[in-house]
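I opened the notebook to look up charged side-chain pairs. The entries below follow the order in which I checked them.

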Amino acid sequence: MRQILQNLSSGATELADVPRPDATPGKVLIATRRSLISAGTERMLVEFGRGGFISKAKQQPDRVKQVLEKMRTDGVLATLDAVRSKLDQPLPLGYCNAGVVTEVGSGITEFQPGDRVVSNGPHADFVAVGPKLCARIPDGVSDEAATFTVLGAIALQGIRLANPTLGECVAVTGLGLIGLIAVQLLRAQGCRVLGIDPDPTRTAMAREFGAETVCTTQGEDPVATAEAFSRSRGMDAVIITASTPSNEPIHQAALMSRKRGRIVLVGVIGLELSRADFYEKELTFQVSCSYGPGRYDADYEEQGQDYPIGFVRWTEQRNFEAVLDMLASGALDVAPLISHRFAINEAGKAYDLLMEKGANLGMVLEYPEQPADAARIVALKPAAATRQATLAGKGVADPVVSFVGAGNYAGRMLIPAFAAAGARFGTIVSSGGRTSAHFGRKYGFDHAATQPAEAMDAKTDAVVIATRHDSHTSLVVEALAAGKHVFVEKPLSLSLSELNQVRAARDDALLRGLDPIVAVGFNRRFSPLSVKMRSLLAGQHGPKALIATMNAGAIPASHWTQSAGIGGGRIVGEACHLIDLLRALVGHPIIDFTVNAMPRNDDVPPDTSTFTLRFEDGSIGTIHYFANGHASYPKERIEAFAGGRILVLDNFRKLTGHGWKGFSGMRLWRQDKGQKSTARAFLDGVRSGKAAVAFEELMEISRVTIEVAEAAKLAAGATR
């Protein structure tokens, strides 16, 4: 299928061929008929992409601060790689979509195939979205008109926050698509409306919708006009839908408002507020969040958990429905807002026109009818001759590697690491198809797909799994059943029962005469400085004492890694690296542990804890995993005390020795956490038939990590 993508690094806008998404559980699959280019938002994204690094930095000062802090801790080269990788990922454009439901995933009861719906899906032949981001289109509303629903909901949410009443005077500053829709919705509520914009064409259109207007480029004073318009009482409310870096709209809004007036920001403007403007009038100022309550709430948008109507009358989905009702009744007329129509294959012309400011308003993209079974797999280059892979014997001399998961870490770290290690790439899979097509083309995969089974075909020797944590075990089991070697990003499993499933799947493979390599992405042990550290410690007799500190930093409780069911929590998801590294440095099994953890005031698993591991040879290792530190401090530090000597590993850039004959230290030009060496070790194991890390050792580390995480929950609960 085709999808419009924006490259934030080069600024190129592309109509790309990508695999069709699936109607996965909790998703609605829609065949697009029409979509609307949101002129303000999409122009801003294209302009951002076309700007240079300096321009991008000026627009995101907070991100610049983060980059500088990362440079201080991780080094310049590693930071530049991370920034370039982030900008290289394609961004889907569009969020105003109308089409027909073709499939629904399990758990969906609100919609059925054949329903005409609107959604916030991107510009693509097919989109897959959560049910709360969809609404049925009434019979009397055309697909073309329905594409304005999402923009209408943005305008409506701003109006709801302004809370206008019949007869009040409301100013709308910025008469783009959202502003002109807001004018009509306010008029439908019985408000007197003053529209303000520098474009005479748009002010003329606002007058046709019943507003009085101010065209700021024709010498008209918006504050003086508002004074007269409000009968010298001041505006009851001002809704700002403009997009400008200037502070003037907010200043003018304050000046024209009555005492205790309301100002609501829907657009993007400068926000240097004058206290004097707001103080004497006791003005209220509020920023409107997109389509309404539920926006950016994963439980609502992804899990489909609705807000009770008795407590939240207007959610984003119910705002969609309200706008559609206004379209059906004729109270909202969007036909005059359409300036251009383009077939989807002429999208390039549409975006060229979009950059000509003032030359367009609403641009509708039209889609031909698509077959319901559109390709879920896309050929990216001429495929090599298919052959039957086998795991019997000594291994595979020239392994073909396929990927399930094409997110940021896979694209920035794992795929380049496997490419450097000499992998030949087969199929790459992502649920939406966009990133699999992008990284597939960039790194020379044969195919991009949306179904994991496509990555486990006959020509694939090894599968790399880089998806969300809760899918790791099931995909490992599926890959082993298909007779593949498996590299899975940590963690291997989220529970002991899942670990048992992995063991059973590998045992079954052994019974079938196969000897699959199973590897977990515990890359720290393969860092060159860790390898050196391990070799030095191996020459020391007797127990060792180790301290590992990870300044993990705080992340929002809403982040998926914090979810016990999806990410497993941060001990399972990240502290596992330190457990594995200490296991590798000591070289003996872990036989016991103790845990202390700080309590949290929510349901998130503990993320600030200290635990001590006891090893079979008498060694001890204490791990401090802290989420309450500062980003300016390096993230990881490992200290080892053995035989009257000390080793200190700082953030995988510097290793310092104290008391070691012939060794005082090593320093790398750039941080190296071992990703490339990890990939090389796995492929060497596939080629030779001998794993770099024994399966039983991986199971031990995974089991201990899960048990430590469970003990941390109990410890945190006991200290509340």
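Is R503 buried, partly exposed or exposed? I looked it up in this predicted model. R503 is partly exposed, its relative accessible area being 27%. That value falls between the 20% limit for buried and the 50% limit for exposed.

Next I checked the partner of R503. I found a salt bridge to E696, with 2.8 Å between the closest N and O atoms. E696 sits in helix α22 (residues 695-718) and R503 in helix α18 (residues 496-511), so I noted a link between distant parts of the chain, 193 residues apart. E696 is also partly exposed, at 46% relative accessibility.

I then turned to R524 and E636. Their side chains form a salt bridge, 2.7 Å from N to O. R524 is in the loop between β23 (518-520) and α19 (528-538), while E636 belongs to strand β28 (residues 636-642); the pair therefore ties together parts 112 residues apart in sequence. I have both down as buried: R524 has 5% relative accessibility and E636 has 2%.

I also traced a network. R570, E574, R600, D602, D607 and K635 are joined in it by salt bridges that share partners.

For the total, I recorded 40 salt bridges. One of the pairs I looked up is R341 with E144, at 2.6 Å from N to O. This pair links distant parts of the chain, 197 residues apart, with R341 in strand β15 (residues 338-343) and E144 in helix α5 (residues 143-146). R341 is partly exposed at 47% relative accessibility, whereas E144 is buried at 19%.

Conventions:
Residues are numbered from 1 along each chain as its sequence is written. This is a predicted model: local features need pLDDT of at least 70, side-chain atom pairs count only at pLDDT 80 or more; totals for chains, interfaces and linings use all residues. Side-chain values use heavy atoms; hydrogens and water are left out. A salt bridge is a side-chain nitrogen of Lys or Arg within 4 Å of a carboxyl oxygen of Asp or Glu. Helices (H or I, at least four residues) and strands (E, at least two) are DSSP runs, numbered from the N terminus. Buried means under 20% relative accessible area, exposed over 50%, partly exposed in between (1.4 Å probe, protein chains only).
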